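Let's take a walk through a protein model together, one piece at a time. Keep the picture open beside you and find each residue as it comes up.

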Protein chains: 2
Amino acid sequence: MSLTIHPINGIPEITEGEDLGALIGEACARNECGLIEGDVLVVTQKIVSKAEGAMADIDPSDPLSHKPIVEREAVRILRRRGDLIITETKHGFICANAGIDLSNVSRGRAALLPEDSDRSARRIVERIRHEQSVSVGVIISDTFGRPWRRGVTDVAIGCAGISAVVDLRGTEDALGRELMVTEVCVADELAAAADLVCGKAEGIPVALIRGVDSSWLRKSSIREEVIRDAADDLFR
Amino acid sequence: MSLTIHPINGIPEITEGEDLGALIGEACARNECGLIEGDVLVVTQKIVSKAEGAMADIDPSDPLSHKPIVEREAVRILRRRGDLIITETKHGFICANAGIDLSNVSRGRAALLPEDSDRSARRIVERIRHEQSVSVGVIISDTFGRPWRRGVTDVAIGCAGISAVVDLRGTEDALGRELMVTEVCVADELAAAADLVCGKAEGIPVALIRGVDSSWLRKSSIREEVIRDAADDLFR
């Protein structure tokens, strides 16, 4: 089964209080990829934060004025080097600067992470189901660095209607041997795939992925399935 | 620009010495996605290791008989917990069990990482250029865990003809502000995207990605662009 990833153009600049689910559904229709059952929408965090008002004011003349907000939003500082702060957020994400960033937001403003990105995803799923009578999966994505490897990639910070992790434990490999441990974080793979068509500079905030394995479409949550407990973690 | 990801079916069980580039090119033609300029092929590590003979014998009756090979292949042990060993390999990868695994290989055998996966990718690029007069990008992918987040994802361990990292520093975001640091590891995002159609259990070892941004097609290397020096790393 092939997979197709479409950038969704024409989503307007988002302001607080806007109905993202309705706007995304309309934009998909205008892009001639009217939503069908089983489509997965990957929505970048920035427009979710804007719609939910998860923003803060900063001094645009001071390049470090967001740092106090980083300290406030972080529940733990894991590492510091120069201006770089690796934080644990209240959601359990490990990322630079508590996920706060200044790109694609107005001068003098900083975008924070949404309060609960799984809930943000659920709201979009429900809105689209209500308006278009179609069940889609939604992933909220953000751009994180990682240790050991250079370059950032997009990962899932929230999801609804699509598995976060698919468990292949106990299924057989192609040679009939039982696979030992293979829990695949398909939500992160979908977020990464979507970033290939979104491109930061072009500011395309949503991608539609069509052709996703239908067995992956179910209730799920990044917080419950992907965030690793500190006690289980070998690198904290 | 939309992206399409096709699983490439019909690649036979691979044995040592086989010409992967030729086999993959033929399989693409049979899948009715004859290769065109700018296509990116994502090839899973297992078939590269098999073709290159990067394999070892183990005692199939002993579930831990690959552990001495892990110790031999690792240049550093970062963490241990029970049977789990997080290693640094000679290539600079940080992964479980020095990248050695037993799924989709014959009983009594273990697959090691290829000696130099960038070179493996270059060979496939060159073979396809020679046979079909078409320039493609090739990524060799493997399945790695990561700290802080549950579930594995596929990442790039080698590449040729396609950027490992795309540098958006200095380009402007959609609001005309200069983006500060955004080096995106598109090779890892492409590897992750390909895994969505490959599916471990079905044993589809190659995916074709069509529609990749043509500015990303260039000489590149995972070793040079993605492996982070230990000195730069905050988590080693």
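Asn97(B) counts as buried because 21 other C-beta atoms lie within 10 Å of its own, and the cut-off for that word is 20 or more. Look for Asn97(B) in the loop between β6 and β7 (109-111) of chain B. Its backbone is worth a glance too: phi of Asn97(B) is near 55°, a positive value in a residue other than glycine. Please keep in mind that this is a predicted model.

Ala98(A) sits in the loop between β6 (94-96) and β7 (109-111) of chain A. Ala98(A) is not a glycine, yet its phi is positive, at about 55°. Is Ala98(A) buried or exposed? Ala98(A) is buried, because 25 other C-beta atoms are found within 10 Å.

**A sheet in chain B**

Back in chain B, three strands make an open sheet in the order β4-β5-β6, with antiparallel pairing. Which strands stand at the edges? They are β4 (74-81) and β6 (94-96) of chain B; each has a single partner strand, so one side of each has no neighbour in the sheet. On average, neighbouring strands of this sheet are turned by 30° against each other, direction ignored.

Now follow the pairings. β4(B) and β5(B) run antiparallel and are joined by six bridges. Among the partners here, Arg80(B) is bridged to Ile85(B) in β5(B). The hairpin of these two strands has two residues between them, and Gly82(B) takes a positive phi near 55° there. Strand β5 (residues 84-89) of chain B is also antiparallel to β6(B), this time through three bridges. In that pairing, Ile86(B) stands opposite Ala96(B) in β6(B). The hairpin of β5(B) and β6(B) has four residues between the strands, and in it Gly92(B) has a positive phi near 100°.

**Two domains in chain A**

Eight residues from domain 1 of chain A and nine residues from domain 2 of chain A take part in the contact. On the domain 1 side, these are two nonpolar, three polar and three charged residues.

**Where the chains meet**

Leu3(A) is found in strand β1 of chain A. Leaving aside neighbours within four places in sequence, Leu3(A) touches Ile209(A), Gly211(A) and Val212(A) in chain A, plus Ile5(B), Leu196(B) and Val197(B) in chain B. The C-alpha atoms of Leu3(A) and Ile209(A) are separated by 6.9 Å, although the two residues are 206 residues apart along the chain.

**Inside the core**

Nonpolar side chains tend to be buried together in soluble globular proteins. Here, the largest nonpolar core has 138 residues, and those touching the most other members are Ile139(A), Ala187(A), Leu190(A), Ile139(B), Ala187(B) and Leu190(B). Beyond its neighbours within four places in sequence, Ala187(A) has contacts that include Ile139(A), Ala156(A), Cys159(A) and Ile222(A).

Leu41(A) lies in strand β2 (residues 40-44) of chain A. With sequence neighbours within four places left out, Leu41(A) is in contact with Ile24(A), Val136(A), Val138(A), Val206(A) and Leu208(A).

| Residue | Other C-beta atoms within 10 Å |
|---|---|
| Leu3(A) | 23 C-beta atoms |
| Leu41(A) | 27 C-beta atoms |
| Ala98(A) | 25 C-beta atoms |
| Asn97(B) | 21 C-beta atoms |

Note on methods
Residues are numbered from 1 along each chain as its sequence is written. Chains are lettered from A and ligands numbered from 1 in the order in which they are written. This is a predicted model: local features need pLDDT of at least 70, side-chain atom pairs count only at pLDDT 80 or more; totals for chains, interfaces and linings use all residues. Two residues are in contact if their C-beta atoms, placed from the backbone, lie within 7 Å. Ala, Val, Leu, Ile, Met, Phe, Trp, Tyr, Cys and Pro count as nonpolar, Asp, Glu, Lys and Arg as charged, and the others, Gly among them, as polar. A residue is buried if 20 or more other C-beta atoms lie within 10 Å of its own, exposed if 12 or fewer, and partly exposed in between; C-beta atoms are placed from the backbone. Two strands pair if DSSP finds at least two bridges between them. Axes are lines fitted to C-alpha atoms, for helices over the stretch in contact, and angles run from 0 to 180 degrees between N-to-C directions. A nonpolar core is a set of buried Ala, Val, Leu, Ile, Met, Phe, Trp, Tyr and Cys residues joined through C-beta atoms within 7 Å.
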